[in-house]
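Subject: Structure handover

Hello,

Here is the structure for you to open, with the sequence alongside. My notes on what turned up follow below it.

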Amino acid sequence: SALVIAAVFDRDVNCRRAASAAFQENVGRQGTFPHGIDILTAADYFAVGNRVNCYLTISVYIAGFAEYTQPMIDHLVNMKINHWDSVIRELSTKALHNITPRAPEYMANVVLPRLLPLSVGSDLHTRHGAILACAEITHALCKLAQENNRPVTYYFSEKSLEGLKQIHQEVCSQHKSVFNLECFCTLIEKLSLSKMPFRGDPIIGGWQWLINDSLRHLTLVSSAARQHIKESAVSALAALCNEFYINERGEADPALQDELVTQYVSELQNTEEMIRCGFSRALGALPRFLLKGKLQQILEGLKKVTVISPEDVSFAESRRDALIAIAKVCQTVGVKGDGSQQEYVCRDNVDEIYATLLTGVTDYTTDSRGDVGGWVREAAMTSLMEVTLLLVQNEAELINANICKQIMCWLAQQSAEKIDKFRAHAGSVFLTLLHFDRPPVPHIPHREELERIFPRSEKETLNWNAASEAFPRITQLLGLPAYQYHVLLGLSVSVGGLTETTLRYSAQSLFDYMKKIQSDPSALESFCETLLKVFEDNLRNDRVSVPLLTMLDQMLANGCFDMFTEQENHPFPVKLFTLCKEEIKRSKDIRKLRSSIGVFCGLIQFQGDMREKVFFQLFLLLCHPFPIIRKTTASQVYEMLLTYSDVVDPAIVDQAMAILSDTNWEAELPVVRERRNCLCDLMKVPRPQLVPK
């Protein structure tokens, strides 16, 4: 049995494989090991390579042979539940749960009484493992009793039941360690799922206090442990409520319900972000009988968490968890079109629910951690999908055309943006809604065209993470009026971004689309109007405007607007010039200023009165306070005169280019200004005048 135990339970993969090989050698040479061939088949060299599989599957099979059952259980209890590695401790307790049906009496009469004193001991690792083991074994024994139509306490003595209660009372004062927080919540969950006869016992109040306290102390633990504790506490709460807070009529005690919901909703406005996170997820886990009559209060509380205010702008994680909770609450209460807004998702509250979720898709908050708003957008997209599919399968008429259009347009925008992870998630949600057919989602704009661009057969195979696959598809949506604005907004950030592969494939896809519409004046006019609208709506919003300027520079250089260059004073370049000028007004952002220079130089190709204004603007930048901007402007104007030689009198081109190339534009401003003014006089452009401060 020692070789079998090493092959299945050793922490190191090489030791497990060596033990498996040694066991195989002995079986082959001596043939005296009980059930040797059967065990070898299950625990061969390759099978024992996966540790989780060893603990949770192979061990259960081997424990089915009576010769190995007790030694394996003893090894887990004596050597593994107190292991220094927490992963081994947790796997060991789950293995004990799975093995319990093989030896229920031994577990109940020997193992559990041995574990109970260890669960209130002083050694942290032993206590953690013992509490989890008590929880798992108890749950397994109760399930086994129920399956055999016996009372849940069939395998437990009075002493064992008291011992399980005692764990809470003994260790409660020390519960703030990370291991205690998590394992206590797991114990509460397992005892609740086991349907222990504790209804009306004061210990239930103690368990509730412990869950609440765990949610309040999320700020005291590391970010790595935070998620585990939050999930354990929320699972424990759901199990506790379902077992001990519901009466024979399937209802909650009104006083208890009011106290619990009011307390949780009030914690949503706590000044600590992690406390908001914990109680948001807790509200999302409440069973239906506790939500009944309190739905509006809960949704209002969660909605407030999703609102960005100056004091909690960086609370992205709490906004994410609130959006997740809203979808969970909606799924729990269900849909009833003409029902009460205190009990169901219905006509009176569906628009408000959607408005809250759609607000989350616009969260682009950034801080020292990067694009933290991405977490919120990802949660909002998932929640929109879950709520929409819930409505479609119950009362699809509650989804109006405007809401559906907003959802699909925002998803299309996210599918065109630069961060692979969020683009992939948006694309997946977009295709899930498009191809859902039980029944289909109503009011999807341009459904037929979308199904042609994204065939159902490619729903699973299209790799949204790969820019080379995603952008050629998503740019085709530019030809669909409903999606054009949002897709162009998303593309602007990608085409003008800094990531090389994203930039290359998004730009190429955009230029391919632009070539396709060059022969269609109305399509090009529509595109340009949308482009100007995107610019106007995002004026001085650097997240969009800076990459948008870079994209415009590339589009002008690639001849995307050549159709308008021969037309005198076409409104597109005139409006674009005005917007660019407004965008860089008083700006000190070097990247923005350098991008705008390229746009101004590209605008020189258009006919009309605007050329003089463009030259004036460029000559202003030749005397910008930043030397790098002066130098960049001179370099790009020089290239512009080479490219568009017809925009200046041929007699003065060489002289103008000599001034641009020979001047040290990084010199002192008075020197530079004199050379700039010579250029103005030469090209008959008014000299910019210094404005007195």
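Helix 24 and helix 27 are roughly perpendicular to each other. Please keep in mind that this is a predicted model. Helix 24 spans residues 481-495 and helix 27 spans residues 542-557. Their axes cross at roughly 80 degrees. That crossing counts as roughly perpendicular because the class runs from 65 to 115 degrees. The two axes come within 7 Å.

Who meets whom there? On the helix 24 side you will find L488, L489, L491, S492, V493 and V495. Facing them from helix 27 are R543, V544, P547, L548, M551 and Q554. Sorted by class, this contact holds nine nonpolar, two polar and one charged residues.

Is A482 buried or exposed? A482 is buried, at a relative accessible area of 17%. The cut-off for buried is under 20%, so A482 falls on the buried side. Setting aside residues up to four places away in sequence, A482 touches K405, C409, P445 and H446. A482 and Q406 are also worth a look: 76 residues separate them in sequence, yet their C-alpha atoms are 9.5 Å apart.

Now the annotation. An unreviewed UniProt entry gives "domain: Tubulin-folding cofactor D C-terminal" for residues 405-592. Over that stretch the chain is 65% helix and 0% strand. The C-alpha atoms at its ends are 33 Å apart. Residues 2-37 are 75% helix and 0% strand, with end C-alpha atoms 17 Å apart.

Next, the cores. The largest nonpolar core has 230 residues. F454, L477, Y483, F527 and F561 have the most contacts inside it. Take F561. Which residues is F561 in contact with, leaving aside its neighbours within four places in sequence? They are M514, F527, C528, L531, M555, L556, F572 and F606. There is also a second, separate core of seven residues, with L218, I229, M274 and C277 among them.

One lysine to check is K165. K165 sits in helix 9, residues 158-171. K165 is buried, with a relative accessible area of 14%. Beyond its neighbours within four places in sequence, K165 is in contact with F198, D201 and I203. From K165 to I204 the C-alpha distance is 9.9 Å, across 39 residues of sequence.

Last, some backbone details. The loop between helix 21 (420-435) and helix 22 (447-453) contains P439. A cis peptide bond joins R438 and P439, with omega at about -10 degrees. H443 lies in the loop between helix 21 and helix 22 too. Phi of H443 is positive, near 65 degrees, and H443 is not a glycine. H443 counts as partly exposed, at 44% relative accessibility.

N569 also has a positive phi, about 50 degrees, although it is not a glycine. Where is N569 found? N569 is in the loop between helix 27 and helix 28 (571-583). At 33% relative accessibility, N569 counts as partly exposed.

Best wishes

Key
Residues numbered from 1 in each chain as written. Predicted model: local features only at pLDDT ≥ 70, side-chain atom pairs only at ≥ 80, totals over all residues. Heavy atoms only, no water. Core = buried A, V, L, I, M, F, W, Y, C linked by side-chain atoms within 4.5 Å. Buried < 20%, exposed > 50% of the residue type's maximum accessible area, 1.4 Å probe, protein only. Contact = heavy atoms within 4.5 Å. UniProt positions renumbered as here; feature names shortened; annotations may be inferred. Helix = DSSP H or I, 4+ residues; strand = E, 2+ residues; numbered from the N terminus. Axes fitted to C-alpha atoms, helices over the stretch in contact; angles between N-to-C directions. Parallel < 35°, antiparallel > 145°, perpendicular 65-115°, else oblique. Nonpolar A, V, L, I, M, F, W, Y, C, P; charged D, E, K, R; others polar.
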